[in-house]
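The sequence and structure come first.

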Amino acid sequence: ELIALLGLAGVLNLWNLSINGWANTYYAAAVKSMSSSWHDFLFASLDKSGLMTVDKPPLALWVQALSARVFGFNSLSILVPQALMGIVAVGLVYDIVRRRFGRVAGFVGGLAMATTPIAVAVARHNNPDELLVLLTVAAIWFALRAVETGRTRHLIWCGVFVGLGFETKMGVALLVVPAIALAYLW
């Protein structure tokens, strides 16, 4: 069932992906600049002179810029990493739910994540939201592992992923922290 879920998410996220063009041209322009200069990459610079920066932390754009450096700057080199993040998030949701409630529930949870229209739309776009989704789901996965095992190592990894989420879209990543803290303390 996991392979079927990942396959379904792959089809929904990757099918005819080039139809989206550059998606958000503001972020695509930043990725173009960042993929051609390490200075622009480091500072998430929007222009070639390195004067203007993007309005968000750079982590999501770094992923896209690295992909553009490896595969060349085109719409697919920007959008495919986003789609792959959506597929990984589906797998994590499946595992989170399966551990607590069984395989059938895990399948339903993964199916809901894979087929929710907004989740598919976000995975097919170059906004930083898909990396934020992946990082917060990963943080929850590690938090639940910390609850199950009692190991501090998993809780530290949970914090690392929340911190990376902060580097993706600032305070939005902190929305999961109260729920994680309550679950762990309980």
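The model is predicted. In helix α2, the buried residues are Y27, A28, A30, V31, S33, M34 and S35. Elements that cover these buried residues include α3 (38-43), α4 (59-71) and α5 (75-101). At the start of α2, the backbone nitrogen of Y26 has a side-chain oxygen of N24 within 3.0 Å. Helix α2 comprises twelve residues, 25-36, and at 1.5 Å a residue it should span 16 Å; the C-alpha atoms at its ends lie 17 Å apart, which agrees.

Helix α8 covers residues 129-149 and packs against α9 at an angle of about 165°, the two axes being 8 Å apart. This angle makes the pair roughly antiparallel, because angles over 145 degrees count as such. The crossing of α8 and α9 is left-handed. On the α8 side the contacting residues include L131, L132, L135, F142 and R145, and on the α9 side they include W157, F161, L164, G165 and T168.

T168 belongs to α9, which spans residues 152-169. T168 has a relative accessible area of 0% and is therefore buried, the cut-off being under 20%. A polar atom of the T168 side chain lies 2.9 Å from the backbone oxygen of L164. Leaving aside residues up to four places away in sequence, T168 touches K56, P57, L59, A60, P128, L131, L132 and L135.

| Side-chain atom | Backbone atom | Distance |
|---|---|---|
| N24, oxygen | Y26, nitrogen | within 3.0 Å |
| T168, polar atom | L164, oxygen | 2.9 Å |

Key:
Residues numbered from 1 in each chain as written. Predicted model: local features only at pLDDT ≥ 70, side-chain atom pairs only at ≥ 80, totals over all residues. Heavy atoms only, no water. Helix = DSSP H or I, 4+ residues; strand = E, 2+ residues; numbered from the N terminus. Expected span 1.5 Å × (residues − 1). Buried < 20%, exposed > 50% of the residue type's maximum accessible area, 1.4 Å probe, protein only. Contact = heavy atoms within 4.5 Å. Polar contact = N/O pair within 3.5 Å; in protein donor to acceptor, adjacent residues only side chain to side chain. Axes fitted to C-alpha atoms, helices over the stretch in contact; angles between N-to-C directions. Parallel < 35°, antiparallel > 145°, perpendicular 65-115°, else oblique. Left-handed = near helix turned anticlockwise from the far one by under 90°.
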